[in-house]
Amino acid sequence: MILGIGSRIKHSTYGAGVVTNVTSKMYWVTFIDSGLETIPVDDDFEIIEGVEEEVDTISFFEVENVLKTLLKKYSDISEVVPIADKWKGGKIVFEPGDTNLASKEIEIDAFFHKIVMVRDRIRVMEQKINSSKLEEQEKIDLQQYITRMYGSLTTFNVFFKNKSQNFVGSRSKK
């Protein structure tokens, strides 16, 4: 049996996910922990909730609603974001200009975790703005602020192991 779009599965490697596209040989599955992956239809996974309808009869709107429901259900679960190996176990030391004051040390892993939490919260805010009933121009204006926030945070990209998880601000057109 080939699963339809909207089916929920649990993969042995990638964890829980939702089928978002289907061919005769492959599933496109959006996993909670690892994002979009393609897997063979005969791969090792458990069917949590199978959809057996014809693939053509499910609209993008229905898939979007399933994804929104899953995001709401698992909203407290964040993407796993690894820190670059060279920073593991390191510390950040803040030295005040006033020599009478003590310095402050913070573990880089804890600092990095806070950066990732800020990024995740900006993404949620971005999704809420995009799905809101605001006027299109208001959405565009708010999206520009979010892009500038990402741009301000690009300094911290040095901590990310995977470049695909970096902050990206607006890019200049050459």
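Biologist: Happy to look at this with you! On the other side of H3, which residues are exposed?

Modeller: Keep in mind that this is a predicted model. Exposed here means over 50% relative accessible area. On that side of H3, the residues that qualify are Tyr145 and Ser152.

Biologist: And which residues of H3 are buried?

Modeller: For these, the relative accessible area has to be under 20%. In H3, that holds for Lys139, Ile146 and Tyr150.

Biologist: Why do the buried residues line one face of the helix?

Modeller: An α-helix has 3.6 residues a turn, so residues three or four places apart point the same way. Looking down the axis of H3, the buried residues line one face because they fall within an arc of 45°.

Biologist: What do the buried residues of H3 pack against?

Modeller: Contact here means heavy atoms within 4.5 Å. The partner of H3's buried residues is another helix, residues 108–130, namely H2.

Biologist: How many bridges pair E3 with strand E4?

Modeller: E4 covers residues 35–40, and its pairing with E3 is antiparallel. A hairpin of three residues links the two strands, and threonine 30 sits opposite leucine 36 in E4. The number of bridges between E3 and E4 is six.

Definitions and conventions:
Residues are numbered from 1 along each chain as its sequence is written. This is a predicted model: local features need pLDDT of at least 70, side-chain atom pairs count only at pLDDT 80 or more; totals for chains, interfaces and linings use all residues. Side-chain values use heavy atoms; hydrogens and water are left out. Two strands pair if DSSP finds at least two bridges between them. Helices (H or I, at least four residues) and strands (E, at least two) are DSSP runs, numbered from the N terminus. Buried means under 20% relative accessible area, exposed over 50%, partly exposed in between (1.4 Å probe, protein chains only). The arc is that of the directions from the helix axis to the C-beta atoms.
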